[in-house]
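User: Could you take a close look at one helix for me, and at what sits around it? I'd like the cut-offs spelled out as you go.

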Amino acid sequence: MGYAGGSTPNPTYHRLGDHTECIEIDYDPTVITYEGLLDIFWASHSPIHPAHSRQYMSAIFARDERQEAVAKASRDRVSSSLGTQVHTPVLRLERFYPAEDYHQKHRLRGDRVIMREFAEMYPDPEHFRDSTAAARVNGMLDGCGGQLDLENLLSRLGLSDEAILHLAERVRRRV
């Protein structure tokens, strides 16, 4: 979670200026392509309504010319297939500012059992924010992935048996 797209230096949640709240996605292009990420993005929201505010608008922030061109082409395809204007801008990312620590991995932070262990593993807030394991558990707690995804992930998390059972129960109850 963080902020991008504006001119205010070092934005915070309470001093956002003209930035947009957004997420930064690190991905492995041998697992999923940028185009694949865009397909997921377009399938995950309705781009036909203008944003009510810059803070909460849906946008694609492209890191370079290639990403910008690919994102604009995908936007145009979506617009054509919907037969209407798409109100999701494609903007050049100048800089991504990570949000305050308390905004990171919100679902995980709300689970005291699992969060206690991640806090021990990652006492540095920046390492916690950048942790792939924490991101995956946060996603599982937020409804992404199912039992099979969890089983494939469990041995790589570094969690205690208690936390693993707790997480498995949380995922099972969701289904």
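Analyst: The buried residues of α6 are Ala133, Ala134, Val137, Asn138, Gly139, Met140 and Leu141; buried here means under 20% relative accessible area, exposed means over 50%, and partly exposed is in between, with a 1.4 Å probe and protein chains only. Helices are DSSP runs of H or I with at least four residues, strands are runs of E with at least two, and both are numbered from the N terminus. That makes seven of the ten α6 residues buried, so the helix is largely enclosed by the rest of the structure.

A word on ground rules: this is a predicted model, so local features need pLDDT of at least 70 and side-chain atom pairs count only at pLDDT 80 or more, while totals for chains, interfaces and linings use all residues. Residues are numbered from 1 along each chain as its sequence is written, and side-chain values use heavy atoms, with hydrogens and water left out.

What covers the buried residues of α6 includes α3, α4, α5, α7 and α8, contact being heavy atoms within 4.5 Å.

Now for the start of the helix. Ser131 is in the loop between α5 (125–129) and α6, and at 5% relative accessibility it counts as buried. A side-chain oxygen of Ser131 comes within 3.3 Å of the backbone nitrogen of Ala133 there, and a polar atom of the Ser131 side chain lies 2.9 Å from the backbone nitrogen of Ala134. Setting aside neighbours within four places in sequence, Ser131 touches Lys105, Phe118 and Tyr122. The C-alpha atoms of Ser131 and Phe118 are 9.5 Å apart, with the two residues 13 apart along the chain. Past the other end, α6 is followed by Gly143, with a positive phi near 105 degrees.

In α8 (residues 161–174), Ala163, Ile164, Leu167, Ala168 and Val171 are buried. They sit on the same side of α8, because they cover an arc of only 135 degrees around the axis, taken from the directions from the helix axis to the C-beta atoms. These buried residues pack against α4 (112–121), α6 (132–141) and α7 (147–154). The face of α8 turned away from them carries the exposed Asp161, Leu165 and Arg173.

Finally, α6 gives the most to the lining of the largest pocket, with six residues. Other elements that each supply at least two include β2 (20–22), α1 (34–43) and α7.

Note on methods:
The expected span of a helix is 1.5 Å times one less than its number of residues. A polar contact is a pair of N or O atoms within 3.5 Å; within protein, one must be able to donate a hydrogen and the other to accept it, and residues adjacent in sequence count only if both atoms are side-chain atoms.
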